[in-house]
Amino acid sequence: RETLISQLTRLLDSESLLTASALKQNNLSRHRETLLDHRHTLTRLRSSVSESRQRANLLSNVRSDIDAYRSSNPESAEADYMLDERGRIDRSHGVADSVLSQAYAVNEQFGVQREMLGNVQRRIVGAAGKVPGINGLIGRIGAKKRRDGIILGGFIALCMLVFLYFM
């Protein structure tokens with residue numbers, strides 16, 4: 001970028017002597033403004049790169065100082081390890097607390113749903129009591145369900161007895 005800026009500077013300086021028209025002077029002034037912007041950008045980028053390098057050097061120096069201190073003082077390294085371990089335990093307790101709070105919230109929602117379904121069942125039973133033929137229909141459906149359950153249970157028991165007989 002620096003070579004580009006120097007080439008542009010030389011070109012602009014050489015063209016300022018050769019040109020005489022207003023359009024060329026206008027273009028020349030525009031190019032000079034662009035050159036000035038590029039110079040400002042270059043200085044800003046250089047300063048940010050140098051600041052980043054200084055920060056990285058500072059951080060690496062601080063880390064090396066911390067490592068040197070820890071290696072020279074093993075008791076504090078053990079204490080630091082214990083503090084880190086305590087932090088991990090506290091975080092695991094926090095996670096367990098959040099899981100428990102979620103479980104309590106789910107349990108509460110189940111209670112709300114159970115209550116809502118009980119209300120729906122009461123309404124259906126109330127409506128069935130008001131319509132004359134529905135009680136008989138519900139009774140027949142329940143009887144058929146019980147009969148099917150008994151037949152299915154007997155079939156499963158027979159299969160188990162046959163299975164045990166041939167074992």
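Is Asp90 buried or exposed, or does this residue count as partly exposed? In the predicted model, Asp90 is partly exposed, its relative accessible area being 45%.

The chain contains four helices and zero strands. Read from the N terminus, the order of elements is α-α-α-α. Over the chain the pLDDT averages 83, and 88% of the residues score at least 70.

Among contacts with a separation of 6 or more, 39% are accounted for by residues 24 or more positions apart.

Charged side chains were examined next. Side chains of opposite charge can pair when their charged atoms come close. Three salt bridges were found in the model. One of them joins the side chains of Arg88 and Glu85, with an N to O distance of 2.7 Å. Both residues belong to helix α3, where they are three residues apart and thus separated by about one helical turn. Arg88 is partly exposed at 37% relative accessibility, and Glu85 is likewise assigned to the partly exposed class, at 27%.

Asp90 takes part in a further salt bridge, formed with Arg86. The closest N and O atoms of this pair are 3.9 Å apart, which lies inside the 4 Å limit applied to salt bridges. Arg86 and Asp90 are four residues apart in helix α3, a spacing of about one helical turn. Arg86 is exposed, with a relative accessible area of 58%, because the exposed class comprises values over 50%. Asp90, at 45%, is partly exposed.

The side chains of Arg147 and Asp148 also meet in a salt bridge, at 4.0 Å from N to O. Arg147 has a relative accessible area of 47% and is partly exposed. Asp148 is partly exposed as well, at 37% relative accessibility.

Helix α3, which spans residues 74-130, also includes Val112. Val112 contributes to a nonpolar surface patch of about 350 Å², together with Met116, Val120 and Ile124. The relative accessible area of Val112 is 42%, so this residue is partly exposed.

Aromatic side chains were considered last. A pair of aromatic rings is described by the distance of the centres and the angle of the planes. The model holds one aromatic pair. The pair consists of Tyr165 and Phe166, whose ring centres are 5.3 Å apart and whose planes meet at 75°, so the arrangement is edge-to-face. The assignment follows because planes over 60 degrees apart count as edge-to-face. Tyr165 and Phe166 are both exposed.

Methods:
Residues are numbered from 1 along each chain as its sequence is written. This is a predicted model: local features need pLDDT of at least 70, side-chain atom pairs count only at pLDDT 80 or more; totals for chains, interfaces and linings use all residues. Side-chain values use heavy atoms; hydrogens and water are left out. Rings of Phe, Tyr and Trp (its six-membered ring) pair if their centres lie within 6.5 Å; planes under 30 degrees apart count as stacked, over 60 as edge-to-face and the rest as tilted. Buried means under 20% relative accessible area, exposed over 50%, partly exposed in between (1.4 Å probe, protein chains only). Patches are made of residues with over 30% relative accessible area and no salt bridge: like charges are joined within 9 Å, nonpolar side chains (Val, Leu, Ile, Met, Phe, Trp, Tyr) within 5 Å. Accessible areas come from the Shrake-Rupley method with a 1.4 Å probe; for residues, only the protein chains shown count as cover. Helices (H or I, at least four residues) and strands (E, at least two) are DSSP runs, numbered from the N terminus. Contact means heavy atoms within 4.5 Å. pLDDT is the predictor's confidence in each residue, from 0 to 100.
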